[in-house]
Amino acid sequence: MTRWGMAIDLDRCTGCEACVVACAAENNIQTVGEEQAREGRAMHWLRIERYYEGEFPNVRTRFMPVLCQQCGAAPCEPVCPVYATYRNPEGLNAMVYSRCIGTRFCANNCPYTVRVFNWFDAEFPAPLDSQLNPDVSVRPGGVMEKCTFCVQRIQAGKDEAAQEDREVADGDIRTACQQSCPTKAITFGDLEDPDSGVSKWAESPRAFSLLGDLDTRPGVVYLSGSEWREPAE
Amino acid sequence: MTAESQPSAAALDGQLLGRLDRRRPGLLVGSLASGALALVFIYCWGYQIANGIGVTGINRPVFWGFYIINFVFWIGISHAGTLISAILRVTKAEWRRPVTRSAEAITLFALAIGGLFPLIHLGRVAIFYYMIPYPNSRMLWPNFRSPLVWDIAAITTYIIGSALYLFLPLIPDAAVMRDRAAAGLKKRFYAVLALGWRGTAQQWHSLEWGIRILAVVIIPVAVSVHTIVSWDFAMTQTPGWKSTIFGPYFVVGAIFSGIAVLMIAMALLRRGLALERFLTDRVFNNLGLLFVTMSLVWGYFTFAEHLTVWYSGDLFEKNVHHVLLHGDFAVPFWTMVVVNLVIPVAVLSFPRGRRPLPTALVGCGVLVGMWLERFLIVVPALSTPRLAYSIGDYMPSWVELGIMIGAVGVFACLYFTFTQLLPIVSVWEMREGWRHAGSGGESGQPSEAAPTSAAASPVPGGGAA
């Protein structure tokens, strides 16, 4: 069985946000504009949280890429009245956009606040419409969405392997954020496969889960060498 | 004295129903004003459906706003009627007679509006029925693990139960209206409502049993409804929401706000229909004592909730707690404590405070306080998520305000229409009460009531039919 997972090395992250841009381009995420963003309606599936330590001028910035943690025990799933979000056999928290009626209960129950909502119908004025990814649906207004671990790339990787009559090899499937990271801070693969890169990273003594106390069993593992673990206020 | 306090059935009917036959300018103005507000409601909702849910002020992380607050508020108001009137019927409280009908109508209309708010709140209201277990080609069920699906089951049950509970005691009155109406559309309307009521002994027997059974059954339904509403919050793991106390806390809050509405309605009815004979000062005194008790119980729950959170020292819970007590939400929080606890206790502890006017005024304050309580449950917890990077705030848009105010208009419009079409006081139950008061012990209530009833008989419109 497969359990898709991701590991992010915070010691390598420079906070450049290339992953945020790559994610938006790959997944047809709507650009809401300045005004809506100010109201707290930016749609990024992946955000770089910045936390500052120390007093000026001795300030240190910590970067924390936060995306859907693809929890093994996801708080968002049981509260959805219509099964628009559910756990698929490969460990993804899948979103069924056509099923979503927009109660936003899932987003309230997400401890990581990573779910984003389409407050209005998406607009891609020309020429933006010609750069839409044909493998990803454009979501209508009133629907919840979030990081899918680039499920379309997972599917493409599996299709390709099937055509070549082989198993999916580690490294075949790369998410958009992983691909665009200049410091290679992100790795993606099968957590059930002990030889995969992501499994090796996950076994690192530097590995931890975000808000691990909640036992949501995230599919995302963070690596950090310093004592700092979680942003505390 | 006894004879004076026991008008004939026909005189009583005339007194209560005669008001129905007259044109009442006050009611007409009220209907028009509330109808205008109802149009605001329809316009705002239509605007939101046409433009998207983004016309509200909700955002990330405050995904729930005024709509959910008003949902909980109206469901709380609905406890004015069915629950309280059922308790009064089961305990055979005599003074329930003039109150039950109006209280049950409040319940039904408040529920209808409360039940609309979750739909208004949806991102895609056109497919709300995905939440209902209906047979469909894809063999999909709703998710029965979701508290929202429990909500739908509970509120649907409550609406059906409340409608029946309002309708059953209405049958004999509808029959009276039918018999009084001239042939035509009006007569046919009442004839449909009266379900062929002839007033035979068998029919009375069935009706009384039906009401008795419903009154007992509706009590656990009412308790479960507000418990399940609380579980929309308490079943999550959101700091500020996950709490075992929420079930009973919400039920107490609902009864508290329900009594507040009842106090206001009773004071208005007593004045408007000159019902001093039934709604005596003693009734207000007793209900005032119940009211202050609920205030104290509410205060106890509030204290217990916040003390346990503060004592735990849990970082995330404390963040929410901090914005409530000392931070951005301190002003509404302490206002709520004053109008829900300090003022009721200060006023209602004294016999002079338990008169119609002061209790109704305290009731108005409690309504504001209980609305604030729901606001303080929904918004601070959401605006203070675990990851501090996402801390947000919330300001309602004009659409949300329009729908909130418009909903009051829809409620008033329904209520005025009901009052104009049907007796807002249960005529046959009043007549029964008259009979009980006459045949019962001569001491106590009848002698106490006699002077006021004399004052009540020259009511304008008495026998005007």
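In the predicted model described here, chain A contains an open sheet of four strands in the order β8-β1-β10-β9, with mixed pairing. Helices (H or I, at least four residues) and strands (E, at least two) are DSSP runs numbered from the N terminus, and two strands pair if DSSP finds at least two bridges between them. The edges of the sheet are formed by β8 and β9 (207–208) of chain A; each has a single partner strand, so one side of each is left without a neighbour in the sheet. The model is predicted, and local features therefore need pLDDT of at least 70, side-chain atom pairs count only at pLDDT 80 or more, and totals for chains, interfaces and linings use all residues. Residues are numbered from 1 along each chain as its sequence is written, while chains are lettered from A and ligands numbered from 1 in the order in which they are written.

Strands of a sheet pair through backbone hydrogen bonds, either parallel or antiparallel. Both arrangements are found in the sheet of chain A. Strand β1 (residues 4–9) of chain A runs antiparallel to β8(A), and five bridges join the two; within this pairing, A:Met6 has A:Phe188 as its bridge partner in β8(A). By contrast, β1(A) and β10(A) run parallel and are joined by four bridges, with A:Ala7 opposite A:Val221 in β10(A). Strand β10 (residues 220–223) of chain A also pairs with β9(A), in the antiparallel sense and over two bridges. Here A:Phe208 stands opposite A:Tyr222, and A:Ala207 stands opposite A:Leu223.

A residue is counted as buried if 20 or more other C-beta atoms lie within 10 Å of its own, as exposed if 12 or fewer do, and as partly exposed in between, the C-beta atoms being placed from the backbone. Strand β8 (residues 186–190) of chain A is mostly covered, since five of its five residues are buried. In a regular strand the side chains alternate between the two faces of the sheet. In β10(A), A:Val220 and A:Tyr222 point one way and A:Val221 and A:Leu223 the other way, and all are buried.

A buried residue is also found in a loop of chain A. A:Arg115 lies between α4 and β6 of chain A and is buried, with 24 other C-beta atoms within 10 Å. Two residues are in contact if their C-beta atoms, placed from the backbone, lie within 7 Å. Leaving aside neighbours within four places in sequence, A:Arg115 is in contact with A:Cys76, A:Cys106, A:Ala107, A:Cys110, A:Met144 and A:Lys146. A:Arg115 and A:His44 are 71 residues apart in sequence and 9.1 Å apart in space, C-alpha to C-alpha.

Between the chains, 37 residues of chain A are in contact with 35 residues of chain B. On the chain A side, the elements that give two or more residues are α3 (76–79), α4 (105–108) and β6 (116–117), and α4(A) gives the most, with three residues. This side has 22 nonpolar, eight polar and seven charged residues, where Ala, Val, Leu, Ile, Met, Phe, Trp, Tyr, Cys and Pro count as nonpolar, Asp, Glu, Lys and Arg as charged, and the others, Gly among them, as polar.

The secondary structure of chain B comes to 18 helices and zero strands. Of its 465 residues, 47% count as buried. Among contacts in chain B with a separation of 6 or more, 81% are between residues 24 or more positions apart. In helix α13 (residues 315–325) of chain B, the buried residues include B:Phe316, B:Val320 and B:Leu324. The elements α12 (281–312), α14 (330–348) and α15 (356–383) of chain B are among those that cover the buried residues of α13(B).

Helix packing was described for two pairs in chain B. Axes are lines fitted to C-alpha atoms, for helices over the stretch in contact, and angles run from 0 to 180 degrees between N-to-C directions. Helix α6 (residues 100–121) and helix α16 (residues 398–421) of chain B pack at an angle of about 150°, with their axes 10 Å apart. That makes α6(B) roughly antiparallel to α16(B); angles under 35 degrees count as roughly parallel, over 145 as roughly antiparallel, 65 to 115 as roughly perpendicular and the rest as oblique. The residues of this contact divide into twelve nonpolar, no polar and no charged. Helix α7 (residues 147–167) and helix α10 (residues 201–234) of chain B likewise pack at about 150°, with their axes 9 Å apart.
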